[in-house]
Amino acid sequence: MVTSALRQAQYECENESSVTFQEVLGQLRERSSAVDQSGQFSKTNWDLLRQAGLLGLVVPEEYGGPALRPTQWLEVVRKMGRACPSTTLCHLMHLCATSVIVATGNANVKRRILPQVAEGQLTVAYAGTERATGTNFWALKSSAEKIEGGWRVRLTKDWATLAEVADIFVVPTRAHPTAAIDEISLFLVERSAGVESRDAWRGTGMRGSSSGPVHVNAVVSDDHLMGNPGRANDYIATDMFNLLLLSHAALYLGIAEEAFALAIERAKARWFPHTNSALADTSLWQSRFGAQSAKLAAGRALIQETARRLETDEGRGHLIKDALAGKLLGCEAARHTTDLAMQVFGGSGYNIGQRVEMLWRDARAGSLMRPSDEVTEILLGKLEADRTLFQE
């Protein structure tokens, strides 16, 4: 059952006095350095999220979940991002992958899978990126093969968060080798059916995210083909993409907020006897802090307002410009603010094991993650120029 911790739940989004969520954040923060230094997915952190009922946030109530609205669970992502970015990246990708099952899975699949997700018994990953097309996720080279009673899915995905630990994978691919590269279908493939991850993750940042290639050689039943064959882009290039963009925006904004708080604290404490003043007393740093504070406030407002639009009919069925802009601004804020914090800390912050150094490395990942900044900029520019989105 969804725990009482989650029912306090709709959480900090609505109740800032939620002690339970504060305890979750405190434990994530306390372990974040150890997670980073180990370079391993934290089963301890995942168990904590399971116990708190946080792994089923997007599951509908009829399947045992709380069905939090985007405005709510994106706030959860932002605040968790301040505490432990690696674990939060795993969490948001699990939520996004689960949302695909909620939106496109048939009744049998939902009845079997979603209650287990709500209970925290199943971890879901989205395995979409291929070496041939990279962050151009709407065009895939791989394909499945129709066989009697089901499908043979034999392919390699170059990148998936939770690659080494997920129980079940949402896998986009073409349903036939002759299908156009953008005629994508969605398959649900359980690890036990034939999914392997043979390459250990050795990331520079986001070191606890268990990211990397997955190799699929599985036979799945017909009901594991989700949604309309060949029409997956109708969803994954619109509604799911909006969620993916905004959840990344929330994560990286959380990193920026944490780095900003550390920078302010350090600037107040960094005292210069020859001037009898702190770094925070100088007009140069006051100006820099003021400018960055405004940017962070703008990022929060953009994410919140765009998330509200996702909850209405106006926000469904198409790619939203502000979701693209939010991802760009969130990643930029993370890079810029961690650079700022590193300057405030100076050489002491550049030591491995310092929190500001971990955040600085984690912040670099956002611009590379699907969609990369360049692809995001191109898509936003196409929307502004009223051009066809997913064509070169």
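## Basis of the values

The model is predicted, so local features require pLDDT of at least 70 and side-chain atom pairs count only at pLDDT 80 or more, while totals for chains, interfaces and linings use all residues. Residues are numbered from 1 along each chain as its sequence is written, and side-chain values use heavy atoms, with hydrogens and water left out.

## Overall fold

The protein chain contains 14 helices and 10 strands, these being DSSP runs numbered from the N terminus (helices H or I of at least four residues, strands E of at least two). Its C-alpha trace spans about 80 × 50 × 40 Å along the principal axes.

The radius of gyration, taken over C-alpha atoms, is 21 Å, which agrees with the value near 21 Å for a compact globule of 392 residues; the globule rule is 2.2 Å times the number of residues to the power 0.38. Among contacts (heavy atoms within 4.5 Å) with a separation of 6 or more, 76% join residues 24 or more positions apart.

## Burial and surface

Of the 392 residues, 57% are buried, meaning under 20% relative accessible area with a 1.4 Å probe and protein chains only, whereas exposed means over 50% and partly exposed lies in between. The accessible surface (Shrake-Rupley method, 1.4 Å probe) comes to about 16,400 Å², and carbon and sulfur atoms account for 50% of this area.

## The setting of Arg69

Arg69 and Leu57 are 12 residues apart in sequence, with a C-alpha to C-alpha distance of 8.7 Å.
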